[in-house]
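Have a look at the structure first.

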Amino acid sequence: MPERGIPEQYLTGYAPLLAEVAGTGRRLTRAELEARRALGEQAAEAGHGLRSLVNAHLAATRAAWPQTPGAADCTLAAVQQVVDAFAEGYERAQRLAVRQEEAARREFIDDLLYGRSDLGRLAERAERFGLRLSHSHAVAVVQGPTAYDESAPVPRQVERAMISRFGDRNILLTTKAGRMLCVAPGDQDDILAHFAKQSYAAAEGTRAAIGRPQPGAGGIVQSYEEALNTLELAERLNLEGPLLRAADLLVYPVLTRDRQAMADLVLDALGPLTRARGGARPLLDTLSTYFDSGCVAAESARRLSLSVRALTYRLERIHQLTGADPADPGQRYTLQTAVIGARLLDWPDKEL
């Protein structure tokens with residue numbers, strides 16, 4: 001009799017097979033082994049545990065153990081063949097199920113982040129992966145030193161850490177375009193902060209950006225795009241820190257919303273620097289460092305590996321060329337805004 005909970009269909013023909021093998025000493029045929037693999041696949045698809053299935057085979061073996069002298073060796077060999085073929089079929093079905101689940105997950109994520117599916121259908125699929133699209137969500141995106149996919153060690157390490165800490169608190173962890181993503185309820189910022197922390201701990205040199213919480217399926221897309229834009233801004237502006245928040249950098253999208261106006265400001269305020277010996281880049285970098293240092297000459301000179309006297313000369317040269325004094329609070333704002341615009345527009349490397 002099979003173990004409790006295991007249907008007899010998965011042991012169909014097993015006892016007579018053992019009796020025949022015990023009497024003849026033959027090995028199982030290819031067709032018989034394939035039949036056992038098929039039963040293993042069916043058991044896996046039905047959701048039965050492999051340990052219980054193996055125990056059921058062992059129990060059936062004990063009940064059908066032959067009394068014929070000298071039949072033990074060939075019977076044990078047959079049991080080994082049967083269990084091995086059954087387990088192979090079981091594992092084959094599991095691998096197929098995993099691949100199908102991964103494909104469904106990947107398709108859902110693509111549809112979610114690109115808005116390519118009917119909202120009703122998308123909401124139904126979202127619940128399968130732990131998301132309730134009627135609520136607000138925020139997205140964290142992690143850029144690592146190398147590109148990630150879901151089979152890479154770092155994403156798996158981060159996923160284990162997140163599940164250990166938060167369990168199944170409606171979190172979606174995945175990878176997209178070589179980056180790690182975490183989608184979490186918008187009112188649970190601790191989840192995304194922990195995701196960023198674990199990502200940095202798993203691979204030094206990572207940087208995380210968190211978009212603002214937004215409602216609905218479209219809100220997830222918006223938060224995701226905000227996080228991506230924040231990573232791009234951080235690279236262009238050389239922003240420091242492993243964790244950046246879109247909410248803290250809203251001034252930059254505002255500055256670039258009218259690209260032509262920003263380009264005009266950059267050319268008007270900083271264009272004269274192109275007349276300097278060596279071009280605009282050295283003086284533009286001087287301004288950037290000066291502003292990033294809080295307009296402290298000694299710190300700026302240290303960062304630029306210059307003497308304070310050499311830095312002062314450069315600032316005076318900037319004043320001569322542009323007509324704006326970086327040390328004057330009234331004129332500093334225009335220059336600093338133009339410097340930010342130059343970084344965002346990649347000037348002077350790109351023509352405006």
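Tyr-290 and Phe-291 are both buried, where buried means under 20% relative accessible area, exposed means over 50%, and partly exposed lies in between (1.4 Å probe, protein chains only). Keep in mind that this is a predicted model, in which local features need pLDDT of at least 70, side-chain atom pairs count only at pLDDT 80 or more, and totals for chains, interfaces and linings use all residues. Residues are numbered from 1 along each chain as its sequence is written, and side-chain values use heavy atoms, with hydrogens and water left out.

Back to those rings: a search of the whole structure turns up one aromatic pair. The ring centres of Tyr-290 and Phe-291 sit 5.9 Å apart with their planes at 55°, so the pair is tilted. For the cut-offs, rings of Phe, Tyr and Trp (its six-membered ring) pair if their centres lie within 6.5 Å; planes under 30 degrees apart are stacked, over 60 edge-to-face, and the rest tilted.

| Residue | Phi | Where |
|---|---|---|
| Ser-305 | about 60° | loop between helix H12 (297-304) and helix H13 (308-322) |

Are they buried or exposed? Asn-238 counts as exposed because its relative accessibility is 60%, and Ser-305 counts as exposed at 67%. There's also a cis peptide bond from Trp-347 to Pro-348, with omega near 15°. Pro-348 lies in the segment after helix H14 (329-345).

Arg-105 belongs to helix H4 (residues 72-114). With 18% relative accessibility, Arg-105 counts as buried. Its C-alpha atom is 9.5 Å from that of Ala-126, a residue 21 positions away along the chain.

Now zoom out. The protein chain has 14 helices and six strands; these are DSSP runs numbered from the N terminus, with helices (H or I) of at least four residues and strands (E) of at least two. How does the radius of gyration work out? The chain has 33 Å, whereas a compact globule of 352 residues would be near 20 Å, going by C-alpha atoms and a rule of 2.2 Å times the number of residues to the power 0.38. The C-alpha atoms fill a box of roughly 110 × 45 × 35 Å along the principal axes. Of the 352 residues, 43% count as buried.
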